[in-house]
Amino acid sequence: MLEIKNLHVKLEEEDKVILRGVDLKIGAGEVHAIMGPNGSGKSTLSYVLSGRDGYEVTEGSAKLEGQELLEMEPEERAAAGLFLAFQYPVEIPGVGNMTFLRTAVNAQRKARGEEELSAGDFLKVVREKAKTLKIDAEMLKRPVNVGFSGGEKKRNEILQMAMLEPRMCILDETDSGLDVDAMKLVAEGVNALRSAGRSFLVITHYQRLLDHIKPDVVHIMAAGRIIKTGGPELALEVETNGYADILNEVG
Amino acid sequence: MALPKAKEDALAARLASLTLPAGKGWLASVRSEALSRLTAMGLPARRDEYWRYTDPTSLNAPAAPPAVRFEPGDEAEPFDGMDRLKIVFVDGIFDPAASDDLSLSGVTIERLALAGDTDIHWAQGLYGQLEARGQTPVARPLAALNSAFATDGVLIHVTGKAAKPVSLVYVHKSDTSDAILHHCVKLDAGACLTLLENGPAAARFSKVMEVDIADGAQFHHVRIQGRDHERRAVTHLFARLGAQAEMRSFTLTANGRLTRNEAVVELAGAEGRAHLAGATVGDGDFHHDDTVFVTHAAPACESRQVFKKVLMNGAVGVFQGKILVKPGAQKTDGYQISQSLLLDEDSQFLAKPELEIYADDVKCSHGSTSGAIDETALFYLQSRGVPRRRAQALLVLAFLAEAIQEIADEDIAEEIRGRLERWLARHGSTG
Ligand SMILES: Nc1ncnc2c1ncn2[C@@H]1O[C@H](COP(=O)(O)OP(=O)(O)OP(=O)(O)O)[C@@H](O)[C@H]1O
Ligand SMILES: [Mg+2]
């Protein structure tokens with residue numbers, strides 16, 4: 001599904017290197033988790049994959065089902081099936097959440113040569129998916145993320161993911177700011193989307209999310225590199241011992 | 001006081017190119033009064049404080065600078081599907097074949113060119129009168145010039161609820177046309193009218209509209225200023241509102257080399273409401289100036305000024321807006337916002353918001369901002385699959401929304417949004 005090779009990234013404006021040779025391969029239907037200390041480059045990796053400005057790729061490649069992502073516009077990456085649930089979802093005053101969702105869904109359908117959804121069909125699908133995430137009608141009417149609580153913003157990200165049906169989903173700390181019940185809801189939302197043709201990359205600091213969304217593979221990222229890869233037990237090890245041992249072990 | 005030599009010369013040159021329309025009735029005398037006002041003031045000059053941001057040279061010039069017509073392609077005419085009474089002027093000349101019959105229930109409509117020769121006319125108390133009142137505290141010589149030399153226009157007297165909107169359509173045909181039109185609208189107590197205006201009108205267009213809104217009357221005005229890239233226009237809207245009267249005026253401007261829209265509104269009776277709004281989109285050789293003066297002369301009135309401009313590729317936007325609260329106008333609620341969205345670094349917005357308050361129990365706010373598009377929001381939309389141009393258009397429409405909200409009729413608001421969307425699709429910035 002996703003194959004990242006030797007990815008080096010620096011900031012465009014300054015001489016600051018953030019990713020120093022990331023290698024990562026995620027198979028179809030797999031769930032991978034990335035953990036790692038603050039500032040190690042996890043969000044940067046997700047931004048670079050989705051095409052945010054301000055970063056310069058100096059080396060390496062990132063392919064989604066064989067297609068080079070790094071040469072595409074952000075909207076093309078989305079149409080190709082990539083989705084990023086933002087660590088900090090963006091507020092857009094003046095643009096209604098519903099308009100936003102519908103524009104996004106139809107833009108992607110158009111890019112893929114599919115027919116646009118009618119207003120009626122769209123409404124039906126949104127209402128149904130919103131309900132399972134306990135997002136009420138009032139929240140759908142409001143401007144995108146404006147005045148949403150932290151948890152509401154995260155649930156709104158998952159709603160977008162459910163509507164867009166991407167093949168490669170990156171969740172950047174979707175668990176942060178969620179109360180226990182909301183975390184369950186979000187995890188259920190994610191699990192409902194799990195399928196043989198859809199992969200997940202879950203960035204998190206906490207084992208508790210991984211209790212609900214069971215990863216196949218866990219990676220530890222530090223200083224811009226994946227320094228260790230293992231099974232679910234690796235997350236448990238981090239939970240109890242922190243990163244010190246792993247960092248020492250790798251040197 | 002004698003005019004400076006430069007002003008004297010400019011005025012002489014301009015007057016030499018104009019002839020006072022013939023006539024002997026009430027109109028002839030108000031025209032000559034207007035001409036005296038003009039002669040005393042002279043034409044505007046860049047050095048005048050009120051013209052600091054906008055160069056009046058091409059508006060003063062004896063001949064209209066040429067302007068080619070813009071071909072709108074297959075886009076429908078504004079207000080196309082609406083049931084309305086259409087009055088068409090081509091290069092400022094009334095077109096009877098294209099216009100509807102002027103009879104409408106609740107309204108009497110006459111052409112200025114045919115109504116001036118009687119000794120007495122209701123428009124006598126309005127034509128040139130609000131314009132003259134509007135000359136203090138700031139001179140508006142181009143409005144006086146219009147009152148003196150207007151060749152035609154409409155005189156609309158609304159006695160009840162107008163059966164449908166009156167729609168003034170200004171067609172531009174000749175590359176060198178120079179049109180001067182003057183309209184008067186009088187709404188009796190409790191009367192209602194929606195007035196629509198659209199079209200570029202001419203290579204150079206001067207228009208004055210004087211509106212007298214009696215107690216409890218409602219005047220809704222929506223204008224779509226023509227898309228011709230090279231046209232020039234100077235327009236004045238003078239309005240006076242009685243007690244509990246309401247006025248809403250919205251203008252969409254897309255394109256035009258030079259536009260100066262002045263609005264001079266006096267809230268003269270208690271609990272009147274005046275909302276003035278504008279949405280402007282300009283690309284390249286575009287200069288757009290909204291100059292607004294709202295006077296609260298009576299207590300408990302509400303005024304809103306909401307002006308938004310989207311500028312790209314060197315376009316220039318100007319806003320000069322004033323709220324004057326006179327002594328005794330207690331419980332005034334005045335609001336003014338002017339904002340620009342600059343889609344690149346070449347474009348600029350010049351704003352001069354002013355408040356002058358002589359009453360103590362008032363609520364007035366004003367604000368002016370100038371900013372770029374929110375790149376983070378743009379990326380967020382793109383990351384959801386929305387193409388950059390479309391994403392930008394969404395954010396631009398969101399920016400303009402507060403102005404468009406001032407339109408009372410939701411169908412018209414929707415038409416305006418559609419027009420803006422199509423314009424934005426054609427003019428996406430390169431950034
Ligand atoms: N646009 C930027 N400008 C300046 N520094 C940046 C920028 N983007 C990332 N960085 C820096 O790069 C490093 C990696 O940041 P990143 O946000 O990717 O970390 P992270 O692993 O997601 O951390 P956290 O766990 O706190 O979310 C940090 O030192 C951060 O300050
Ligand atoms: Mg992060």
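Does Ala214(B), at 23% relative accessibility, count as buried, exposed or partly exposed, and which class applies? Ala214(B) counts as partly exposed because its relative accessibility is 23%, where buried means under 20% relative accessible area, exposed over 50% and partly exposed in between, with a 1.4 Å probe and protein chains only.

The model is predicted, so that local features need pLDDT of at least 70 and side-chain atom pairs count only at pLDDT 80 or more, while totals for chains, interfaces and linings use all residues. Residues are numbered from 1 along each chain as its sequence is written, chains are lettered from A and ligands numbered from 1 in the order in which they are written, and side-chain values use heavy atoms, with hydrogens and water left out.Ala214(B) lies in the loop between strand E8 (204-213) and strand E9 (218-225) of chain B; helices (H or I, at least four residues) and strands (E, at least two) are DSSP runs numbered from the N terminus. Leaving aside neighbours within four places in sequence, Ala214(B) is in contact (heavy atoms within 4.5 Å) with Leu187(B), Asp188(B), Ala189(B), Gly242(B) and Ala245(B). Asn60(B) is 154 residues from Ala214(B) in sequence and 35 Å from it in space, C-alpha to C-alpha.

| Helix pair | Axis separation | Angle | Crossing |
|---|---|---|---|
| H2(B) (residues 26-41) and H6(B) (residues 141-149) | 8 Å | about 150° | left-handed |
| H7(B) (residues 375-383) and H8(B) (residues 388-404) | within 9 Å | roughly 130° | right-handed |

Axes are lines fitted to C-alpha atoms, for helices over the stretch in contact, and angles run from 0 to 180 degrees between N-to-C directions. A crossing is left-handed if the near helix is turned anticlockwise from the far one by less than a right angle, and right-handed if clockwise.

With an angle of about 150°, H2(B) is roughly antiparallel to H6(B), whereas H7(B) and H8(B) are oblique to each other; angles under 35 degrees count as roughly parallel, over 145 as roughly antiparallel, 65 to 115 as roughly perpendicular and the rest as oblique. The contact of H7(B) with H8(B), made by residues including Leu378(B) and Leu395(B), has six nonpolar, two polar and two charged residues.

In chain A, Ser43(A) (OG) and Gln87(A) (OE1) coordinate the magnesium ion (ligand 2) at 2.0 to 2.3 Å; donors are N, O and S atoms within 2.8 Å of the metal (3.2 Å for Na, K and Ca), and sites may look incomplete because water is not among the atoms. Ser43(A) belongs to helix H1 (residues 42-50) and Gln87(A) to the loop between strand E6 (82-85) and strand E7 (92-96), 44 residues apart, and both residues are buried.

Definitions and conventions: Nonpolar A, V, L, I, M, F, W, Y, C, P; charged D, E, K, R; others polar.
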